[in-house]
Amino acid sequence: MKQKIRILIVLTIITGYFSLTRHLSSKTIVRIYTALEDYRIPAYQKLIEDAYPNVEVHITRLSSGKLAAKVLAEGSSCEADIILATPANHLYGLKEAGLLEKYDTNLTFASGMEDSDSMVIPSAAISEVIIVNTQELKNNNLPEPTSFADLANPIYKGYIAMASPKSSGTAYAIYVGLLNYFGEEEAFNYYDKLIGNLKMMTESGSAPTQMVTSGEVAISLGMDFEGFDAIKEGKPVKVIFPTEGSPYYFDGHALLKKNHEIKSEVMDVMNLIVSNRAYEVAQSQAYIPVLSGREIIADQYPDNFKLMDMSNMDSVSFKTKMLEKWGKRYE
């Protein structure tokens, strides 16, 4: 009798184990690629996992250039299902390559940001700024710059970090803004001087701000919210909006085209990240809204805050041409 009871207990444990294993393995995996900075990802991961406990979210973070190259290389067999919050100019390149699926939404976006084909869905807008370490400026007896033009001054030689526009959406936005502001010839003359002043040109758009925050350099070109976040952390950092205006770009979401039917769980996640709940997350991290009718909620922007002309920002042919010229001149 005791032997039978022991056998029943063992069978019950084994049955429970396999039942639990089946339950755990029943979670559907949704794979996401993103160019978001690492510290901005958990808010989205939590949003998705709280809403869909039956979904196991795998988020891979890549620089925007590498992300786009990876998706192009993988094609319709891409490992990812969704692209989250990645510079729209890269997404338009993927759209032109036929790798994005149409996604309809009832949301209305700010003028100039909406994709008429509903493949690139705006998520957040970011302005580019000059970020300085005030302590490093003081230590090196350097004046505080107020404009992009100031950064060409030889007194800043060896004190500046910026990213390459070939790998960084942040740097590419600045490149486009300055091309429109100066004109091509004068813009290259400007970059000749600016690059001569650099301590380092990075691959990642967020790396220069990390360098200025740590005191490795005195000046960086970066994203507005990065500077604001550093100030909140008590770093000796100041955000300067250039007198010429701030270049800007917007991040977007996209549904990747597949050579098979898209899983319902993927559509659930996509619907969530293109929802008012997700846009609250986005605007808590990047303050310039992409939804029509919303206003900037942060008080760090000056009264004379203005954005640069960003014509051609999403033109794939313009990007190809101007990055080729950049490569020939600076690489």
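Which elements each supply at least two residues of the lining of the largest pocket?

Analyst: Two helices do: α8 (207-214) and α9 (224-232) each supply at least two residues of that lining. Helices (H or I, at least four residues) and strands (E, at least two) are DSSP runs, numbered from the N terminus.

First, the ground rules. This is a predicted model: local features need pLDDT of at least 70, side-chain atom pairs count only at pLDDT 80 or more, and totals for chains, interfaces and linings use all residues. Residues are numbered from 1 along each chain as its sequence is written, and side-chain values use heavy atoms, without hydrogens or water.

Now the largest pocket. A pocket is an open set of points on a 1 Å grid over the protein atoms alone, where a 1.4 Å probe fits, with protein on both sides within 12 Å along at least five of seven lines; lining residues have an atom within 4 Å of a point. The space in the largest pocket is about 280 Å³, counted as what probe spheres set on the points fill, with points joined across faces, edges and corners. Its lining has 13 residues. Glu37, Tyr39, Ser206, Gln210 and Glu226 lie nearest the centre. By class, six of the lining residues are charged, five are polar and two are nonpolar. Here Asp, Glu, Lys and Arg are charged; Ala, Val, Leu, Ile, Met, Phe, Trp, Tyr, Cys and Pro are nonpolar; the others, Gly among them, are polar.

Follow α8 onward. The loop between α8 and β8 (219-223) holds Val217. Val217 is buried, at a relative accessible area of 2% (buried is under 20%, exposed over 50%, partly exposed in between, with a 1.4 Å probe and protein chains only). Beyond its neighbours within four places in sequence, Val217 contacts Pro208, Met211 and Val212, among others. Its partners also include Asn133, Glu136, Tyr159, Ile160, Ala161 and Lys199. Contact means heavy atoms within 4.5 Å. Asn197 sits 20 residues from Val217 in sequence and 12 Å away, C-alpha to C-alpha.

Ser116 makes a contrast. Ser116 is exposed, at 70% relative accessible area. It is found in the loop between β4 (100-101) and β5 (121-133). From Ser116 to Met211 is 95 residues in sequence and 39 Å in space, C-alpha to C-alpha.

Next, the second largest pocket. Its volume is about 200 Å³. Gly65, Ala68, Asn89, His90, Lys319 and Thr320 are among the lining residues. Here α3 (64-74), α4 (88-96) and α12 (316-330) give two or more residues each. This lining divides into five nonpolar, five polar and two charged residues.

Gly75 follows α3 with a positive phi, near 60 degrees.

Last, the whole chain. It has 12 helices and 10 strands. Of its 331 residues, 51% count as buried. The C-alpha atoms fill a box of roughly 90 × 45 × 40 Å along the principal axes. Among contacts between residues at least 6 apart in sequence, 78% join residues at least 24 apart.
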